[in-house]
Amino acid sequence: MILPALTEATSPLFRPIKYSLFPPLGLATLAGYLSPDDEVRIVDEHVERADLTDDRPDVVVIQVYITSARRSYELADQYRARGVFVALGGLHVTSLPDEAAAHADAIFLGPGEDTWPQFLADHRRGEAAPRYESTTRTLQGLPPIRRDLIKRERYLVPNSIVVSRGCPHHCDFCYKDAFFEGGKSYYTQAVDDALAEIDRLPGKHLYFLDDHLFGNRRFAEALFEGMKGMGRVWQAASTVDAVLAPGLVEKAYAAGLRSMFVGFETVNEANLTEQRKRQNVGRDYDAVARRLHDAGVMVNASFVFGMDGDGPDVFGRTVEWAVGAGLETATFHIMTPYPGTALYKRMQADDRIVHHDWDLYDTRHVVHRPRGMTPEQLEAGYWQAYRDFYRWGNIWRGASAKPLPDRMRHLAYAGGWKKFEPLWDALIRSRQVLRALPLLETTLNRMRVAAQ
Ligand code: B12
Ligand code: SF4
């Protein structure tokens, strides 16, 4: 089972820390369906360079993301030339099945929990179909994830976990509706199963990769109740409306939430309506930041630049707001129309897609014709936003209004993340990155708790 490296991984801009964060959870999930006497290996090209030239398994499984599509197809072609059966699945295969089918013996559309066991049975009988489409969406009876196949020492955050799939919202630029077409697009695990999976994870720190951990309030409340007293420290993602909903953030904090990824997306209200980001429309962003900070939770904000309401002033305005609101970390993206999304269809119909070089669909390059500025202004503004947000002066300013323990945590977390990359790189290259995990846990947790 291979997670191929994205093309960026071979470029000088490659940031090892970004790709040494999380292990290939999707593949480890699929491996759980194999029988005990099947031999299986997971190769994550972001953290290891395995020599695959003489490799001849019965089946090779490749997970294809848009930015790793080129490498995925290259590997698939090489395996097929050696007579190995190639199964391709994942987000990009679901978006563009015909493109992927040219490189595969079997392709898989959507999540694999229903189609993959079906394929295994078919393949053992010698009757595998060329195409499997997921329709039955459930996480009931999910076998334990094969975490034993993950090389934990190569990741800063080996304990990534998902307890739901999809999201109840429908934003135009998001992968979600295209990936889950043909079945439910938001569903959760049974709370007890999720708690059992958490219990199986060693150590303290967890990172929930769910698109929207607060998406189902009843589920979230029961989960947080069950997690109380487990001694975990964790991070997760949610939306502005869910953060503003009374009571949930506090319950999450009591269960160990210390940093939350929030899709603010844009400071221009008109963009929100255009992108059908309805849950953000008319919301008080200052109140969102305040609410998380008051509860003791750091904010990791996500912003997208290049929507139709954005002019060249958007970068400065966004950074100014983010610093003023005391956000600890931020990720910026250039709006990227992923194939299959409503945004892509709109852009394609208006002839605004400039090229289909998937390597550059990485949210760092402009691949569409923006309305309010030139592509050059958009790319330059994107990089400027990163530089400005993570300037020491701005990190100080963002932290300065906070009480002392929170200020220390802000400085340590934001500074540690962006300012010490050479140190991270050295740890990764010497395979010591997991040793930094206690430091992350302390930063997330102890500084604040010690002061309470
Ligand atoms: C964690 C994560 C990362 C991590 C690590 C990824 C990893 N190690 O797998 C990091 C930080 C490295 C990362 C980086 C990027 N990411 Co990212 N990431 C995610 C995130 C939040 C969770 C992925 C995950 O683990 N899901 C849970 C597991 C269980 O699901 P899964 O991996 O999809 O696997 C299931 C199915 O896809 C399917 N499946 C997959 N492969 C196969 C193969 C076969 C044969 C079968 C049967 C089934 C199958 O079955 C699995 C079980 O259901 C997703 C959002 C999301 N919710 O998926 C974004 C997401 C995948 N990332 C995205 C993007 C854009 C990026 C970046 C380009 C961002 C950037 N600006 O740099 C980079 C490039 C990634 C790359 N390798 O090319 C987009 C992908 C868009 C696309 N169309 O491909 C997503 C969807 C976010 C978004 N909302 O736009 N990412
Ligand atoms: S809220 Fe986030 S995950 Fe949900 S549809 Fe919108 S962008 Fe996608």
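At what angle do the axes of helix α8 (residues 191-200) and helix α9 (residues 217-227) cross? In this predicted model, local features need pLDDT of at least 70 and side-chain atom pairs count only at pLDDT 80 or more, while totals for chains, interfaces and linings use all residues. Residues are numbered from 1 along each chain as its sequence is written, with chains lettered from A and ligands numbered from 1 in the order in which they are written.

The axes of α8 and α9 cross at roughly 40° and come within 10 Å; axes here are lines fitted to C-alpha atoms, for helices over the stretch in contact, with angles running from 0 to 180 degrees between N-to-C directions. Helices (H or I, at least four residues) and strands (E, at least two) are DSSP runs, numbered from the N terminus. The two helices α8 and α9 are therefore oblique to each other, given that angles under 35 degrees count as roughly parallel, over 145 as roughly antiparallel, 65 to 115 as roughly perpendicular and the rest as oblique. On the α8 side, Val191, Ala194, Leu195 and Ile198 meet Phe219, Ala222, Leu223, Gly226 and Met227 of α9, contact being counted when C-beta atoms, placed from the backbone, lie within 7 Å. By class, this contact of α8 with α9 has eight nonpolar residues, one polar and no charged ones. Nonpolar covers Ala, Val, Leu, Ile, Met, Phe, Trp, Tyr, Cys and Pro, charged covers Asp, Glu, Lys and Arg, and the others, Gly among them, are polar.

Turning to the chain as a whole, the domain assignment gives domain 1 (2-133) and domain 2 (156-445), with bounds from an automatic or database assignment. Their centres, taken over C-alpha atoms, are separated by 26 Å. The contact takes 21 residues from domain 1 and 26 residues from domain 2. On the side of domain 1 that touches domain 2, α1, α3 (69-81) and α4 each supply at least two residues, and α4 gives the largest share, three residues. That side of domain 1 comprises eleven nonpolar, six polar and four charged residues.

Ligand 1 has 37 residues around it, of which Leu6, Gly26, Gln63, Gly89 and Gly112 come nearest; a residue is near if its C-beta atom, placed from the backbone, lies within 6 Å. Elements giving two or more residues to this shell include α1 (16-19), β3 (59-63), β4 (85-89) and α4 (91-95), while the largest share, four residues, comes from α2. The shell around ligand 1 has 21 nonpolar, twelve polar and four charged residues, and draws at least three residues from each of domain 1 and domain 2.

Key. Contact = placed C-beta atoms within 7 Å.
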